[in-house]
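Reader: Can you walk me through this model? I'd like to start with the overall picture and then go to the pockets.

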Amino acid sequence: MKVGFIGLGSQGGPMARRIVEAGYETTLWARRPATLQPFVDTPAKVAESPAELAAASDLVCLCVVGDADIGEITGGEDGLLVAMKPGGVIAVHSTVHPNTCRALAKQAGAQGVSVIDAPVSGGGPAASEGRLLVMVGGDADVVERCRPVFETYADPVVHLGDLGSGQTTKLLNNLLFTANLGTAATALSLADALGVAPDRLTEVVSRGSGNSFALNALGGIGGLERLAGLAGTLLQKDVRLIAELADAAAAAGGAVLDAADATLAMMGNPR
């Protein structure tokens, strides 16, 4: 399988590197030439446009920021869909609205190209070590064709069901993470007010029943304010998307959405 990769940022870059190092013939394209620099010592080829990359690839992995980026890269006279061959696959690793993937699948399907949604969790270090979590939605046969490529940077690769289910699952994960950030931050603040050093509380709770990834993340980066600068707008986007899905399904967000909204307000990024 020949692989194309677009989106060579802090997470996508290590993912692409793992694909190249696994021996797959890989083609890259980037809007920012600087992101290609780490690959000059590899066999990876560089395309002049998404269309050129598509023509050289059986599987194209997209790890760009948002919904608008997906449309820009796949559409237009230099976009992927101009040149992808029948039987090709587009894997959307970005965290976007499930309907963005479904709309793309409708366009791509008209020319015999499959789309799967495969958002990831874990960050660049996990990708470098081959232990990203990949949440996949789409046709089971297509997912299995792509699984060996995904397994170069991920363990586990979880197939969740139809197209869009990967995105919905990732958004639920990020909703819960956002909610946990707020509860962890307020618990640390309360500890301080009650005379318990927050770092000592973290040490204890990290080994107890109240432990969470969010609690340890706050300790590792220096608190909620610092995290807001790093990821506030992205978490805001994801909570907005899952709230929209819940409204469309007439499903109550309940306590988890209330807690996530409180966290976003604390971060200065209200939904």
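Predicted model: local features only at pLDDT ≥ 70, side-chain atom pairs only at ≥ 80, totals over all residues.

Reader: Fine. How many helices and strands are in the chain?
Author: The chain has 12 helices and nine strands.

Reader: What is the radius of gyration, and what would a compact globule have?
Author: The chain has 20 Å. A compact globule with 271 residues would have a value near 18 Å, so the two agree.

Reader: And what does the C-alpha trace span along its principal axes?
Author: The span is about 65 × 45 × 30 Å.

Reader: How much of the chain counts as buried?
Author: Of the 271 residues, 49% count as buried.

Reader: Where does the largest share of the lining come from?
Author: From α8, which gives six residues to the largest pocket.

Reader: How does that lining divide by class?
Author: The largest pocket is lined by 17 nonpolar, 16 polar and six charged residues.

Reader: Next one. What is the volume of the second largest pocket?
Author: About 160 Å³.

Reader: Which residues line the second largest pocket?
Author: Among them are L172, L175, I242, L245, V256 and L257. A243, A246, A249, A251, A252 and G253 are in the lining too.

Reader: What about the classes there?
Author: The second largest pocket has 11 nonpolar residues and one polar residue in its lining, with no charged ones.

Reader: Change of topic. Which residues of α7 are buried?
Author: Helix α7 covers residues 140-150. V142, V143, C146, R147, V149 and F150 are its buried residues. Seen down the axis of α7, the buried residues fall within an arc of 155°, so they line one face of the helix.

Reader: What does D139 reach at the start of that helix?
Author: A side-chain oxygen of D139 comes to within 3.0 Å of the backbone nitrogen of D141.

Reader: Now the loops. Where is T42 found?
Author: T42 lies in the loop between β2 (26-29) and β3 (45-46).

Reader: Why does T42 count as buried?
Author: Because its relative accessibility is 17%, and the cut-off for buried is under 20%.

Reader: Which backbone atoms does its side chain reach?
Author: The T42 side chain reaches the backbone oxygen of F39 at 2.8 Å. The side chain of T42 also reaches the backbone nitrogen of A44, at 3.2 Å.

Reader: Last one, V64. Is V64 buried or exposed?
Author: V64 is buried, with a relative accessible area of 10%. V64 sits in the loop between β4 (59-62) and α3 (67-74).

Reader: How far apart are V64 and T95?
Author: In sequence, V64 and T95 are 31 residues apart. In space they are 8.6 Å apart, C-alpha to C-alpha.

Methods. Residues numbered from 1 in each chain as written. Heavy atoms only, no water. Buried < 20%, exposed > 50% of the residue type's maximum accessible area, 1.4 Å probe, protein only. Helix = DSSP H or I, 4+ residues; strand = E, 2+ residues; numbered from the N terminus. Arc of directions from axis to C-beta. Polar contact = N/O pair within 3.5 Å; in protein donor to acceptor, adjacent residues only side chain to side chain. Nonpolar A, V, L, I, M, F, W, Y, C, P; charged D, E, K, R; others polar. 1 Å grid on protein atoms, 1.4 Å probe; cavity = no way out; pocket = protein on both sides within 12 Å on 5 of 7 lines; lining within 4 Å. Points joined across faces, edges and corners; volume = space filled by probe spheres on them. Rg over C-alpha atoms; globule rule 2.2 N^0.38 Å.
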